[in-house]
Number of protein chains: 2
Amino acid sequence: MIGVFDSGIGGLTIVKELLKKLPGLSLIYFGDTARTPYGTKSPETIIAYAIQDTEFLLEHGAKLIVVACHSASSVATESLRQRFPEVPIFEVVTPSVKKALQVTRKKIIGVIGTRATISSGIYQRKVAELDKEVKVYGNACPLLVPLVEEGWIKKPETRRIVKKCLIPLKMRGIDTLVLGCTHYPVLKPIIQAKAGKRVTLVDPAEEVAEQVADFLKKEPVILDQLTRGEEHKIYVSDLTESFERIARLFMGQKVKLLKADCEISHVIKPTPFKASHI
Amino acid sequence: MIGVFDSGIGGLTIVKELLKKLPGLSLIYFGDTARTPYGTKSPETIIAYAIQDTEFLLEHGAKLIVVACHSASSVATESLRQRFPEVPIFEVVTPSVKKALQVTRKKIIGVIGTRATISSGIYQRKVAELDKEVKVYGNACPLLVPLVEEGWIKKPETRRIVKKCLIPLKMRGIDTLVLGCTHYPVLKPIIQAKAGKRVTLVDPAEEVAEQVADFLKKEPVILDQLTRGEEHKIYVSDLTESFERIARLFMGQKVKLLKADCEISHVIKPTPFKASHI
């Protein structure tokens with residue numbers, strides 16, 4: 001099976017693209033809704049979670065991993081490849097960078113994402129590896145995730161917040177904008193309108209699905225290991241009506257979910273601080 | 001020590017009130033920033049987390065627990081009292097209900113909170129136990145938490161979202177409004193302006209601190225068990241610059257934090273779903 005994980009439900013946009021590009025292959029998804037979101041958390045915590053998520057998918061039969069979460073892709077990919085050297089691991093940053101470099105004319109690229117993604121500076125590093133002349137500007141837009149999750153897709157407040165979010169990038173003269181968070185493609189029409197017609201949007205979901213499909217064409221041995229079938233498993237670490245509603249929003253259709261046993265184990269050991277005279 | 005836990009940093013508003021009301025007593029705080037927020041998660045998950053948080057505080061010397069998180073107070077208090085029958089456990093809902101009943105003139109109370117808090121119906125039940133004639137209307141305002149955490153305290157978008165959030169409650173004619181989430185007191189001026197001058201705001205932080213102080217006056221044996229001292233310990237399960245910034249916002253002053261070792265253990269076992277034909 002192809003294993004896909006995300007901090008929550010947003011990664012289903014990538015599942016949708018994978019199913020389009022790779023019909024007939026069986027998928028297993030893990031959304032860590034009990035600890036969502038990742039984008040506000042520290043790199044160390046995101047790495048620990050990404051390793052646990054990957055272990056879960058491998059234990060359940062995944063032979064190839066797609067990191068759908070941009071925050072995890074940005075800070076945890078290297079750790080995952082070190083920890084699981086035998087597993088092909090795909091992430092959303094590299095294919096987005098390649099696409100952005102293909103489409104930029106002025107060589108000025110913008111990226112929007114969570115605080116974890118933008119602070120990582122991963123886009124700047126990846127672009128510099130391929131083309132030192134291209135400039136990359138990032139801006140963290142953490143409010144867009146809750147706005148999408150609340151279904152505020154067409155509200156004037158959302159339009160205003162998107163506009164504010166893009167101002168610093170527009171001032172840099174970007175002609176290409178990477179939607180660096182699984183939730184943002186849902187806001188594509190507003191983002192396009194506020195970025196302007198001349199800015200090309202890069203949707204990582206399409207790019208990573210394309211990359212996985214290309215890889216499997218060249219690696220028939222791995223392709224043979226993947227299960228065929230129309231049955232896909234979607235696991236979440238927590239279930240609420242909201243998560244079901246968001247799943248419909250991202251998949252563009254109703255997703256039939258069956259709840260099974262949920263067992264919650266050890267607490268994350270906290271980081272202790274001493275604060276005197278507060 | 002007095003132990004206080006919250007899903008994140010917001011509970012520091014309650015620490016601030018406790019320090020005012022109980023000077024000289026030593027405090028230990030646990031903010032579950034690695035899994036924050038709780039308010040979007042299911043009751044089962046919130047209960048499991050609340051038990052783990054309480055165990056952490058008890059292991060570190062707490063003799064009395066204050067549940068600062070409204071979502072945990074709303075859905076997990078009963079489970080905590082069953083699990084730890086020997087420990088005095090305080091939560092934010094009961095004292096807020098008592099205060100709201102004292103101040104309402106028209107007997108119509110509004111409550112704003114997270115989805116978990118409002119869906120629990122706890123305010124309606126608690127009020128009905130004390131006065132069946134009083135009407136309680138709740139509205140979930142999940143966007144206010146990220147707006148506060150991003151520091152968008154005075155932005156026009158925040159004012160508009162607060163206004164929208166209060167419309168259904170104003171239409172019911174409320175004269176009292178419970179700020180049912182640790183983050184909301186930061187927005188007090190906007191909430192007061194949008195609710196109208198005639199609406200009395202109830203801040204649970206003040207009420208719970210008062211309740212703990214009253215309890216300790218009557219229970220000298222428990223008071224004697226509590227450590228005295230000016231040194232307080234603030235633990236978080238994850239640390240980022242943002243969390244430090246939010247801590248300053250809630251405490252109203254800079255909080256000196258010392259980072260110590262962080263060890264992250266087992267993953268939350270996920271709830272499996274089968275989704276066919278997605």
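**Domains, then a helix pair**

I started with the two domains of chain A in this predicted model: the centres of domain 1 and domain 2, taken over C-alpha atoms, are 22 Å apart.

Next I looked up the bounds. The assignment for chain A gives domain 1 as 2–91 + 206–251, and domain 2 as 93–204.

How many residues of domain 1 of chain A are in contact with domain 2 of chain A? I found 27 residues on the domain 1 side, meeting 25 residues of domain 2.

I then asked which helices of chain A each supply at least two residues of the domain 1 side. My list reads H1 (12–21), H2 (43–59), H3 (70–83), H10 (204–218) and H12 (241–251).

I also noted the make-up of that side of domain 1 of chain A: eleven nonpolar, ten polar and six charged residues.

Then I moved on to the chain pair. Helix H8 (residues 156–171) of chain A and helix H8 (residues 156–171) of chain B have axes that come within 10 Å, and I noted a crossing angle of roughly 165 degrees. Because angles over 145 degrees count as roughly antiparallel, I wrote down H8(A) as roughly antiparallel to H8(B).

For handedness, I recorded a left-handed crossing of H8(A) past H8(B).

Which residues make this contact? From H8(A) I listed A:Glu157, A:Arg160 and A:Ile161, and from H8(B) I listed B:Glu157, B:Arg160 and B:Ile161.

My last entry is the tally for the contact of H8(A) with H8(B): two nonpolar residues, no polar ones and four charged.

Terms used. Residues are numbered from 1 along each chain as its sequence is written. Chains are lettered from A and ligands numbered from 1 in the order in which they are written. This is a predicted model: local features need pLDDT of at least 70, side-chain atom pairs count only at pLDDT 80 or more; totals for chains, interfaces and linings use all residues. Axes are lines fitted to C-alpha atoms, for helices over the stretch in contact, and angles run from 0 to 180 degrees between N-to-C directions. Helices (H or I, at least four residues) and strands (E, at least two) are DSSP runs, numbered from the N terminus. Angles under 35 degrees count as roughly parallel, over 145 as roughly antiparallel, 65 to 115 as roughly perpendicular and the rest as oblique. A crossing is left-handed if the near helix is turned anticlockwise from the far one by less than a right angle, and right-handed if clockwise. Two residues are in contact if their C-beta atoms, placed from the backbone, lie within 7 Å. Ala, Val, Leu, Ile, Met, Phe, Trp, Tyr, Cys and Pro count as nonpolar, Asp, Glu, Lys and Arg as charged, and the others, Gly among them, as polar. Domain bounds come from an automatic or database domain assignment.
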